Amino acid sequence: MRYLILSDLHANLEATTAVIETAATLAADRTLVLGDLVGYGPNPNEVVDLVRALPDALVIRGNHDRVAVGGAGEYAFNAHARDAIRWTRAQFSPDTLAWLEALPQGPVTVDEDVEICHGAPHDEDAYLFGVADAALAADSAHRRILLFGHTHVTALYAAAADGEVRAVNPAGSAPFDIPLGGAARWLINVGSVGQPRDGDWRAAFGLLDTTAGTCTCHRVAYDAATTRARMRAAGLPALLIARIGPASLG
Ligand code: ZN
């Protein structure tokens, strides 16, 4: 099976559109969406509509999706995220709201090899940064390949049968291929579509091929100036606008 992996889209219509167009050439069988479709960005209804139109997509909620529909956790957001989530809540069409409310919480088993979650299998709000967090998540995972999001940072970890976990840092820039042999468990974050936080502004996504035993991490440039203009027009916080796009946008 070839799985297209999308996470942390964050209502960024231009980034989501660019990723879906690029991914159309990759012949994926299914799409896995690891949550945070909304929050921060200016087009929550439109991004939800794009995801809903994907054939055979398996979607779980993220913490922003949960809070946006009135679930617990707004208190844990910083002021910018809280302002954005309140704005987001006011934009929802009844249809979008009902669909988001019905999203399942991870972890969800995809097949005999693959499991998906937003933060970690034991806690959808947990941030998986570094090998100690990865070891904890590996303990609570149920499948050989765990796909996660939430940190907005592309990261891969390999866990040996004895529990030792190492970070796999691919040489060179995306797209890069990771062969998924030689480890008892893999924990993979392909990065964020709508708001990457790892120094590369381009939209991140992945393709997991369980037959070939590879995961490919991709990056695609998009029209970030338009995203920023939409955020400004919506009155979203300046700090969130500054996180979008290349440094040359100021
Ligand atoms: Zn997120």
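Let's begin with the metal. Which residues coordinate the zinc ion? There are Asp 8 through OD, His 10 through NE2, Asp 36 through OD and His 152 through NE2. The distances run from 2.1 to 2.3 Å. Keep in mind that this is a predicted model, so these values are computed from it.

What about the geometry? The four donor atoms subtend angles of 86 to 177° around the zinc ion, so the arrangement is irregular. For a tetrahedral call, all angles would have to lie between 85 and 135 degrees. For reference, ideal angles for four tetrahedral donors are 109.5 degrees.

Now the spacing in sequence. The donor pattern reads D-x1-H-x25-D-x115-H. Asp 36 sits in the loop between strand 2, residues 30–33, and helix 2, residues 44–52. His 152 sits in the loop between strand 6, 145–147, and strand 7, 155–159. The pair therefore ties together parts that are 116 residues apart in sequence.

The cut-off for buried is under 20%. His 152 has one more feature to note: its phi is near 65°, a positive value in a residue other than glycine.

While we're on backbone angles, two more spots. Most residues other than glycine have a negative phi, and most peptide bonds are trans. Tyr 40 has a phi near 75°, which is positive, and Tyr 40 is not a glycine. Tyr 40 belongs to the loop between strand 2 and helix 2. At 8% relative accessibility, Tyr 40 counts as buried. Then there is a cis peptide bond between Gly 106 and Pro 107, with omega at about 0°. Pro 107 is in the loop between helix 5, 94–101, and strand 4, 108–109.

What is the strand order? It goes 3-2-1-11-12-9, an open sheet of six strands with mixed pairing. Strand 3, residues 57–59, and strand 9, residues 176–179, are at the edges. Each has a single partner strand, so one side of each is left without a neighbour in the sheet. From one strand to the next, the twist averages 20°.

Strands 1 and 2 pair in the parallel sense over four bridges. There, Leu 4 stands opposite Thr 31 of strand 2. Strand 9 pairs with strand 12, residues 214–220, in the antiparallel sense, also over four bridges. Pro 179 has Thr 214 of strand 12 as its bridge partner.

Stay with strand 2 for a moment. In a regular strand, side chains alternate between the two faces of the sheet. Strand 2 is covered on both faces. Arg 30 and Leu 32 are buried on one side, and Thr 31 and Val 33 are buried on the other.

What packs over the sheet? Helix 1, residues 13–23, lies across strand 1, strand 11 and strand 12. Helix 1 runs at about 30° to strand 11.

The largest nonpolar core has 40 residues, and Leu 6, Leu 9, Leu 37 and Phe 205 touch the most other members. Elements giving two or more residues include strand 1, helix 2, helix 4 and strand 11. Helix 1 gives the most, with five residues. A separate core has 25 residues, among them Ile 60, Leu 156, Ile 188 and Val 190.

Which residues does Leu 9 contact beyond its close sequence neighbours? Among them are Val 33, Leu 37, Val 47, Val 51 and Val 193. Asp 36, the zinc donor, is also a contact of Leu 9.

Last stop, Ser 7. Ser 7 lies in the loop between strand 1 and helix 1. Ser 7 is buried, at 1% relative accessible area. Leaving aside neighbours within four places in sequence, Ser 7 contacts Leu 34, Gly 35, Gly 149, His 150, Gly 191, Ser 192 and Val 193. By contrast, Ala 167 is 20 Å from Ser 7, C-alpha to C-alpha, and 160 residues away in sequence.

That's the tour. I'm happy to take questions.

Definitions and conventions: Residues numbered from 1 in each chain as written. Predicted model: local features only at pLDDT ≥ 70, side-chain atom pairs only at ≥ 80, totals over all residues. Heavy atoms only, no water. Pairing = 2+ DSSP bridges. Axes fitted to C-alpha atoms, helices over the stretch in contact; angles between N-to-C directions. Contact = heavy atoms within 4.5 Å. Donors = N, O, S within 2.8 Å, 3.2 Å for Na, K, Ca; no water. Tetrahedral: all angles 85-135°; square planar, octahedral: opposite > 155°, others 65-115°. Buried < 20%, exposed > 50% of the residue type's maximum accessible area, 1.4 Å probe, protein only. Core = buried A, V, L, I, M, F, W, Y, C linked by side-chain atoms within 4.5 Å.
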